[in-house]
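Please look over the structure below before reading the notes. They are meant to be read with the model at hand.

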Amino acid sequence: MTEPSTAAPAGVAPGEVTAWLSERVPSLVPPLAFTPVVGGHSNLTYVVEDRVGTRWVLRRPPLGHVLATAHDMGREHRILAALGDGRTPVPVPPVVGLSPDDSVNGAPFYVMEFVQGEVLRNAEAATRALDVAGRRRAGEQLADTLAAIHAVDVDAVGLGDLGRREDYIGRQLRRWHRQWDATRLDGVPEIDEVHAALVASVPEQQGATIVHGDFRLDNCIIGPDGSVQAVLDWELCTLGDPLADVGTTLVYWVERGETGDLLPSDGTASEGFIDRAAFCARYAEATGRDLAGIAWYAAFAYWRLACILAGVLDRYTAGAMGDQAGDGGAARFSREKLSGLAAKARTVLEEGKFVA
C-alpha cells in the first residue's frame with residue numbers, strides 16, 4: 001500500500017465519488033484522497049481517506065474491456081451484505097453502498113468500511129505483524145474461517161440463488177477453458193492437456209456450499225493476535241463444491257523450506273504457521289468432509305490459476321490494471337509463470353499427492 005495522495009489515480013472520478021459518498025456518510029469531511037492498493041490481480045481497490053483520517057475502501061472493475069460475466073460489483077456487494085452485520089459468523093467488511101451503473105464513476109463500484117489489521121502478503125509482513133503464537137493462531141483461524149464460510153445456510157441469508165449448486169467443477173472447467181480460449185498464448189500446451197485430464201477424472205461433489213473462489217492468507221485482514229478480522233475479494237464467489245476452496249488455499253500455502261516462487265502469497269512460510277496437513281486436519285474435523293482426494297483439487301486450482309493468469313496477462317499488456325499492476329508487473333504476470341502453473345497442475349494430478 002502506498003502513501004495517500006490527493007491526486008486521483010486512474011479509475012476514480014474524485015468529485016463525483018466524493019458527492020456520492022457524502023450522501024451516504026454525513027460525517028465525511030472532504031477532500032478525499034484515493035490510494036490504489038497494489039497486489040490484486042483483478043478488480044481494482046482503493047483506500048479512500050477524508051481530511052480527518054477516516055478511511056473506507058472502494059472496489060471497481062479493471063479499466064477497459066473485461067469478460068462479460070466477470071467483475072460484477074453488485075454481486076460482491078450482495079454477498080458482503082448477506083454475510084455481514086451479524087447475520088453469519090463469517091467476518092466481512094461492513095458495506096456502505098453500491099453504485100450499480102456507470103453514471104458516477106464510469107463503471108459500477110461499491111464502498112465498504114475500512115477494517116483495521118494487516119494483509120500478510122509475504123513472510124516478512126507476517127513476522128513483522130505477528131509473534132510465533134499469533135502466526136499459529138492465524139493459520140488455525142484460516143481453517144476455522146473457511147469452515148465457517150462453508151457452514152453458512154445460503155437459503156437463510158438470501159444467497160440460495162447465487163449459482164447452481166450441482167456440477168460445480170464441470171462448470172468451472174468449462175468456464176475457465178473458455179477464458180483460456182479467449183486469451184490463449186502459444187507455447188503452453190499443458191493447459192489443454194491438464195484440462196482434458198481433469199475433465200476425465202472429476203470427483204464426486206461433497207455437498208454444495210458457498211465457494212469463496214480465492215480463499216488464502218493475503219485475502220484476509222489479520223488482527224494483532226492472529227485472528228481473521230475480515231475476508232476480502234469475493235468476486236469469484238458462487239455456490240458449489242467446498243473442496244475447491246480447500247484446494248485453492250493449499251496451493252498458496254507455502255511451508256518452511258519451500259521457495260513459493262510460483263505464487264506470491266508466502267506469509268504461511270513463517271515460523272509458527274501450521275502446515276498444509278494440519279490445516280486439512282483442522283478443516284476436516286470442523287466440517288466432517290473427506291479430504292483424501294484433495295490432490296485433485298490442488299491440481300484443479302493450479303490449472304484454474306493458469307487460466308486466470310492468462311486473462312490477467314492480457315489485461316496487463318492492454319493497460320487495464322491501471323496504477324495497480326505495481327512495480328515488476330511484467331514479472332508477476334508472465335508467460336513463464338503461466339507455464340509453470342500449468343506444469344505444476346499436471347505434476348500434482350499425475351502424482352495424486354499434495355499434502356504430506
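The points below cover strand pairing and some backbone features of this predicted model.

- Strand S2 spans residues 44-49, and five of its six residues are buried, so S2 is largely enclosed by the rest of the structure.
- On one side of the pairing list is strand S1 (residues 33-36), which is antiparallel to S2 over four bridges. Within this pair, Pro-36 stands opposite Tyr-46 of S2.
- Strand S3 (residues 55-60) also pairs with S2 in the antiparallel sense, over six bridges. Leu-44 has Arg-60 in S3 as its bridge partner.
- S2 and S3 make up a hairpin with five residues between them. In its turn, Gly-53 has a positive phi of about 95°.

**Cis peptide bond**
- Most peptide bonds are trans.
- The bond joining Pro-30 and Pro-31 is cis, with omega about 5°.
- Pro-31 lies in the loop between helix H1 (14-24) and S1.

- Most residues other than glycine have a negative phi.
- Asp-85 has a positive phi, near 60°. This residue sits in the loop between helix H2 (73-83) and strand S4 (95-99). Asp-85 counts as exposed because its relative accessibility is 72%, and the cut-off for exposed is over 50%.
- Asp-167 is not a glycine either, yet its phi is positive at about 55°. The loop between helix H4 (132-151) and helix H5 (168-183) holds Asp-167. With 36% relative accessibility, Asp-167 counts as partly exposed.

Key. Residues are numbered from 1 along each chain as its sequence is written. This is a predicted model: local features need pLDDT of at least 70, side-chain atom pairs count only at pLDDT 80 or more; totals for chains, interfaces and linings use all residues. Side-chain values use heavy atoms; hydrogens and water are left out. Buried means under 20% relative accessible area, exposed over 50%, partly exposed in between (1.4 Å probe, protein chains only). Helices (H or I, at least four residues) and strands (E, at least two) are DSSP runs, numbered from the N terminus. Two strands pair if DSSP finds at least two bridges between them.
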